[in-house]
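Biologist: Could we go through this structure together? I would like to start with the helix packing and then turn to the sheets.

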Amino acid sequence: MHLAGNGPVRVLQIGEGRFLRGFFDWMIHACRKQGLFDGSIAVTQPRPGGAEVLRALQAQDGLYTLVVRGLEDGTPVERSEVIAVFSTILNPFEQWAEFLALAEDPHLQFVVSNTTEAGLVYEPVPVPETACPASFPARLTWFLYRRFRHFQGAADKGLICLPCELVEGNGDRLREYVVRHSADWGLPDAFVCWLKQHNRFLNSLVDRIVTACPSAEAEAWRRRLGYEDDFLTVAEPYYLWVIQGDEAVERVLPFRAAGLNVHVVADLTPYQLRKVRILNGAHTLMAPVGILSGLTHVREVMADAELAAHVRSAIDDEVIPTLPLDQAETKQYAATVWERFANPFLEHRLLDIAMNSISKFRVRVLPSLRAYVERKGALPPRIVRSFAALIRLYKVRRAEDGAAGYAGITWRGTPYVLRDDPEVLARFHQAWCAFERREIALRDMVRSLLAQPELWGEDLGGVEGLVDALCRELQDMEHQQDLSIPISLR
């Protein structure tokens, strides 16, 4: 099928979700409009579950509408445009040979990914000669090996990898995993040398809130636009991309030339810390308490005086003081975050934020908890409260028919469905079932969950007082399950 994006394929995109559509793909579109980028994008999904999304996107010839809504210098703005950057749509799990054939394209320059924190991990897998591996780093390794063999290790055929996963040192980590897979499979030393010398894995930090179109507004937008768009995407005006690199990177990436808010810097650390711990940390702290309180969107949390105070206090009193950054500048950044969260035009769903919450909590919040304990010699009460709410959020049961995955019940008695790694959900399901069957006490359940490095990246049982504090919070939550009132956050 002919797709709307024209020009040679210069980008392989791993990730079909809203964020890349409202961030990177929009940037490429902006560069194309100014004649600064003559290529197109081949988009693939990171997991087997994305097949339906790709088919629907293909049915629209790869076209979708991006709406930018929000406040710009205090003034409400709203603008829309059709994005046409995709020339190729491939499902690697069904089209493995076609996916690998992209590695032989001489025009290809970049690999961009957004597979969430859960996707940027190392998992030993067999050599994927005949089938696409679930692991993104493994898939990329075999793709690069195919390119190395086809171009016989040509120095100018290396790629620039731009991972957008919210993981510190995402480029370094992806490079490490690709090298590990190469060793696992016994790939030639010449390939590993080419990999290290002629491919670049750049650490980067992305920042923009991108959501789906509110369902209540879908019909109004259809009438306004004059066409149906199942991929109508809504983004705030604010965006930022910081890439750790040098002048050579700026020469091949035309974003700055296009006037976009993209910065190539020598050290990404301060930007990374500020954004992941504050903006993303606040999202991860608010999602469990917001969902369990029966709320749907971020702006609803910010409109609730008690919940908003909980999140703000966690950031202002427990996260910012632990950051080795200028405190005044960091507090000013936090103030812009609260304004963005209150954007009345964005329908940023809490359940979307809660996807893969355990890996997100591990990356975004646990470092702040650790730093607070080291600095204060005590536990951060607001973070602990949200941690307990997270454990309660994962009080889930598998649906009898298996169709809905794992579902839980809010404090108000309404159901929700969690999206996470099935093994992670199974661990929590088994722990809660054992507790409810009175096979173990609450303290034993919490201790067993904290002791699993597979969940948290470490054994948290050694954090003094954490088990008892979480138990107290969980007991308090359960005792206040009067479904007519929201839970008290004190």
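Biologist: How are H12 and H17 oriented to each other?

Modeller: Please keep in mind that this is a predicted model. The axes of helix H12 (residues 305–319) and helix H17 (residues 381–393) cross at roughly 130° and come within 8 Å. H12 and H17 are therefore oblique to each other.

Biologist: Which residues make that contact?

Modeller: H12 contributes His310, Ser313, Ala314, Glu318 and Val319, while H17 contributes Pro381, Arg382, Ile383, Arg385 and Ser386. The residues of this contact of H12 with H17 comprise four nonpolar, three polar and three charged.

Biologist: Now H19 and H21, please. At what angle do they pack?

Modeller: Helix H19 (residues 442–450) packs with helix H21 (residues 466–479) at an angle of about 125°, and their axes are 9 Å apart. That angle makes H19 oblique to H21. The crossing of these two helices, H19 and H21, is right-handed.

Biologist: Which residues meet there?

Modeller: From H19, the residues are Leu442, Arg443, Val446, Arg447 and Leu450. They meet Leu466, Val467, Asp468, Leu470, Cys471, Leu474 and Gln475 in H21. In the contact of H19 with H21, eight residues are nonpolar, one is polar and three are charged.

Biologist: Let us move to the sheets. What is the strand order in the open sheet of six strands?

Modeller: The order is E5-E2-E1-E6-E7-E8, and the pairing is parallel. Strand E5 (86–90) and strand E8 (200–201) are the edge strands, each pairing on one side only.

Biologist: How many bridges join E2 and E5?

Modeller: Strand E2 (residues 40–44) pairs with E5 over four bridges, in the parallel sense. Within that pairing, alanine 42 has threonine 88 of E5 as its bridge partner.

Biologist: Where does H5 pack on this sheet?

Modeller: Helix H5 (residues 136–150) touches strand E1 (9–14), strand E6 (110–113), strand E7 (160–163) and E8. The direction of H5 makes about 155° with that of E1.

Biologist: And how does H5 sit against H6?

Modeller: H5 and helix H6 (residues 170–184) pack at an angle of about 65°, with a separation of 9 Å between their axes. That makes H5 roughly perpendicular to H6. H5 passes H6 in a right-handed crossing.

Biologist: What is in the contact of H5 with H6?

Modeller: On the H5 side there are Phe136, Pro137, Ala138, Leu140, Thr141 and Leu144. On the H6 side there are Leu174, Tyr177, Val178, His181 and Ser182. By class, the contact of H5 with H6 holds eight nonpolar, three polar and no charged residues.

Biologist: A change of topic: how many aromatic pairs are found in the whole structure?

Modeller: The search of the whole structure finds 24 aromatic pairs. For tryptophan 142 and tyrosine 145, the ring centres are 5.5 Å apart and the planes are at 50°, so the pair is tilted.

Biologist: Where do tryptophan 142 and tyrosine 145 lie?

Modeller: Both tryptophan 142 and tyrosine 145 lie in helix H5, three residues apart, which is about one turn of the helix.

Biologist: Back to sheets. What is the order of the four strands in the other open sheet, and how do they pair?

Modeller: The four strands run in the order E4-E3-E11-E10, with mixed pairing. Its edge strands are strand E4 (75–83) and strand E10 (210–212), each of which pairs on one side only. On average, neighbouring strands of this sheet are turned by 25° against each other, with direction ignored.

Biologist: In which sense do E3 and E11 pair?

Modeller: Strand E3 (residues 64–72) and strand E11 (residues 233–235) pair in the parallel sense, over three bridges. The bridge partner of valine 68 in E11 is alanine 235.

Biologist: Which strands does H2 lie across?

Modeller: Helix H2 (residues 24–33) lies across E3 and E4 and runs at about 75° to E4. Helix H8 (residues 218–225) also lies across E3 and E4, running at about 65° to E4.

Biologist: One last item: where is glutamate 168, and what does it touch?

Modeller: Glutamate 168 is in the loop between E7 and H6. Leaving aside residues up to four places away in sequence, glutamate 168 touches Arg173 and Gln272. The C-alpha atoms of glutamate 168 and asparagine 203 are separated by 7.9 Å, although the two residues are 35 residues apart along the chain.

Notes:
Residues are numbered from 1 along each chain as its sequence is written. This is a predicted model: local features need pLDDT of at least 70, side-chain atom pairs count only at pLDDT 80 or more; totals for chains, interfaces and linings use all residues. Side-chain values use heavy atoms; hydrogens and water are left out. Axes are lines fitted to C-alpha atoms, for helices over the stretch in contact, and angles run from 0 to 180 degrees between N-to-C directions. Angles under 35 degrees count as roughly parallel, over 145 as roughly antiparallel, 65 to 115 as roughly perpendicular and the rest as oblique. A crossing is left-handed if the near helix is turned anticlockwise from the far one by less than a right angle, and right-handed if clockwise. Contact means heavy atoms within 4.5 Å. Ala, Val, Leu, Ile, Met, Phe, Trp, Tyr, Cys and Pro count as nonpolar, Asp, Glu, Lys and Arg as charged, and the others, Gly among them, as polar. Two strands pair if DSSP finds at least two bridges between them. Rings of Phe, Tyr and Trp (its six-membered ring) pair if their centres lie within 6.5 Å; planes under 30 degrees apart count as stacked, over 60 as edge-to-face and the rest as tilted.
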